Structure formats: structure tokens, C-alpha cells
Amino acid sequence: MIWEREAKFMFGDILNSTEDFNEKYCFGKGGFGSVYKAVLPTGQVVAVKSLNISDSSDIPTINRRSFEYEIRTLTEVRHRHIIKLYGFCSWKGCLFLVYEYVERGSLRKMLYGVEGEAELGWSTRVKIVQGVAHAMAYLHHDCFPPIVHWDVSLNNILLEMEFEPRLSDFGTARLLSSESSNWTTIAGSYGYMAPELALTMRVTDKCDVYSFGVVALEAMMGRHPGELLASLSSSSSATTTLFENQELLLKDILDQRLPPPTGQLAEAVVFVVTIALACQLAEAEVIAVTLTFACLRSTPEWRPTMHSVAQELSD
């Protein structure tokens, strides 16, 4: 059992506050386990992720490895837009992560829930995308060795009360070494994985860049951009239309639940979409186009770095 020095609680407090992990305290479930809300005697609220253990002899090994990746990643990072890990432990054959409780839950819940239309205005969405970009730039460029998250999706972006984002769920994260090719098995969320991942199973930071592009578009569109990306990748004329008639395209794809953005806010929204959109262009054409930051390009080498994306979004 290991806790952060400022965390003044013991695992027994968590057991008592959740009544031995009663289902009524569970507020989320994923592929690797359930998440519980625990109100400690001090009044502090924490989220406890319990790792599922299967009867299969293979599954526990995979789950334990995922758990270890998450521990190693989260104990080494310090960033305002990355979830804070307080501690972890093993108890009665189960594995647990204890981290900060983020009040509003996932970006998916907020974007598609009944309150999404009212509270997730354009300025809030831009702020969320900027925060996620800075978190990912930190992982890729300020950590040594660099860290690739590999499962960036709306489910894994949590929002606190002021809508500041927290990148979470590093169960499939990989620590990248410049001396290693990092070939491994596929994991991640359907609809957010880079196209080359299914073919090569090679983990790179450009996989995260692609996922960020999907998230940024989805935040602005209010729906998953799958159809848009498919049309752009299958039609060169669609890509031409993107540049020649940008206003019409944006009018069609932005979240229709909100009134269109205006003034400087409209410029910020356009810029987020511009950075995220795919460019299915020949390499020579890419150089000539002002849209240099296309996270969703089908060729990984043509995608920008997250450092470049974060810088552009901050200017």
C-alpha cells in the first residue's frame, strides 16, 4: 500500500465509507473495473477504481499489467489537467487505485446528457480542448521517457466544477522508450484509434494525436465525427470543399443545439476545428496549405506534435 504524503487516510476508511464496495456507491464501470465514490471521515471525497479479476487464467495477468501501467504513469506525472493519484493497494486478491474525485464526470456525460446543451457553451468547449492538448503535450514532451496514453476519448476526459478537464484512465498507457519499437496488443476505444494501429499494432505518440483530433471535433460537433472523416478520406473533392467553402462546412458540422458562435469566439471555434480536421492531401500539397496542424491525417508522419497543437491553441 502506497499513499501520497498529503493523503491522510487509510484503506480501512475507504472500506467503511463504501460499505465494502456496495453497488450503491458505484458511479462508473469500464472494461477493466468499477469506480466508487468514497466520502472519508475527514470530508475528503475520493474515487476508487477496483480492478476486475476474471476466472480465466489469462485475464488477471492482462488486468494486473494494465493496473501497473496506470500506477507507474500517474505516480510520475504532475499536471493540472491530468488526474491526481493518491494511492494504490492490493486487498483480498483485488487491486485498487485511489484518485481525486472529479465532480462533473466524463466529457461524454456532459456533452450528451440533458445538461450538455445548457452548460457546455462554445467557450467552455474551447477551454476543454485546450486543457487536454496541454496535458497530452506534457505527457509526450515533458516526461522522460515520453508517455503515450493510447486511449484518449470522451469517456477518459473528466470535468471538475469549473469545467477544467482532467485526462484520466491510463490503464492502457505505455511508457515509450526511444530505443524500443513498442509493439504490443491493441487496446483503446473504438472510434478514437488511429487507423494505422489496427494494421501495425505499433504504439507512437501520433496515435494520441489522432485520438485528440477526434475528441476535438466531437466536442465542437456534438456528435462523433465518423461520417465526416469517412467522407473526407474517400473523396478528394470533399477535401477541396473544406478549404474553398469553409464557412458552409462549419455551419453544417457545428453542434446545432447551440447558437452559432460569433466574433472572437467564432474564430476560436473555427481554429479548433481547423486543427483537428483531416487532410487527405499529397505531401507536396500539405506543405502549400496553411492548415498545417491536421491531427487526423491518415499518414502518422504528417500529423503535428502535441507540443505544436498546444502552442497553436494557446496563441
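Helix axes here are lines fitted to C-alpha atoms, for helices over the stretch in contact, and angles run from 0 to 180 degrees between N-to-C directions. With that settled, a quick word on what you're looking at. This is a predicted model, where local features need pLDDT of at least 70 and side-chain atom pairs count only at pLDDT 80 or more, while totals for chains, interfaces and linings use all residues. Residues are numbered from 1 along each chain as its sequence is written, and side-chain values use heavy atoms, with hydrogens and water left out.

**The overall picture**

The protein chain holds 13 helices and 10 strands; helices (H or I, at least four residues) and strands (E, at least two) are DSSP runs, numbered from the N terminus. Of its 315 residues, 51% count as buried. Buried means under 20% relative accessible area, exposed means over 50%, and partly exposed is in between (1.4 Å probe, protein chains only). Take the contacts in the chain with a separation of 6 or more: residues 24 or more positions apart account for 60% of them. A contact means heavy atoms within 4.5 Å.

**H7 against H11**

Helix H7 (residues 205-221) packs on helix H11 (residues 263-276) at an angle of about 145°, and the axes are 8 Å apart. H7 brings Gly213, Ala216, Leu217 and Met220 to the contact, and H11 brings Val269, Val272, Val273 and Ala276. By type, that contact has 7 nonpolar residues, 1 polar and no charged. For the bookkeeping, Ala, Val, Leu, Ile, Met, Phe, Trp, Tyr, Cys and Pro count as nonpolar, Asp, Glu, Lys and Arg as charged, and the others, Gly among them, as polar. The crossing of H7 and H11 is left-handed, a label used if the near helix is turned anticlockwise from the far one by less than a right angle (right-handed if clockwise).

**H13 and its cover**

Which residues of helix H13 (residues 306-314) are buried? They are Met306, Val309, Ala310 and Leu313. Looking down the axis of H13, these buried residues fall within an arc of 95°, so they line one face of the helix. The arc is that of the directions from the helix axis to the C-beta atoms.

Helix H5 is mostly covered, with 15 of its 20 residues buried. Its length checks out too: at 1.5 Å a residue the 20 residues should span 28 Å, and the end C-alpha atoms are 28 Å apart, which agrees. The expected span is 1.5 Å times one less than the number of residues.

Thr124 sits in H5 and, setting aside neighbours within four places in sequence, is in contact with Glu119 and Phe163. His140 is also placed in helix H5. Not counting residues up to four places away in sequence, His140 touches Pro146, Ile147, Val148, Asp205, Asp208 and Met306.

Is Asp142 buried or exposed? At 56% relative accessibility, Asp142 counts as exposed. The C-alpha atoms of Asp142 and His307 are separated by 9.6 Å, although the two are 165 residues apart along the chain. Pro145 belongs to the loop between H5 and E7 as well, and a cis peptide bond joins Phe144 and Pro145, with omega about -5°.

Phe21, in the loop between helix H1 (11-17) and strand E2 (26-30), has phi near 60°, a positive value in a residue other than glycine. Trp150 lies in the loop between E7 and strand E8 (157-159) and has a positive phi of about 75° although it is not a glycine.

Over in strand E6 (residues 94-100) you'll find Leu97. Leu97 and Leu85 are 12 residues apart in sequence and 7.5 Å apart in space, C-alpha to C-alpha.

Here are the accessibilities of some buried residues:

| Residue | Relative accessible area |
|---|---|
| Phe21 | 12% |
| Leu97 | 1% |
| Thr124 | 12% |
| His140 | 6% |
| Trp150 | 3% |
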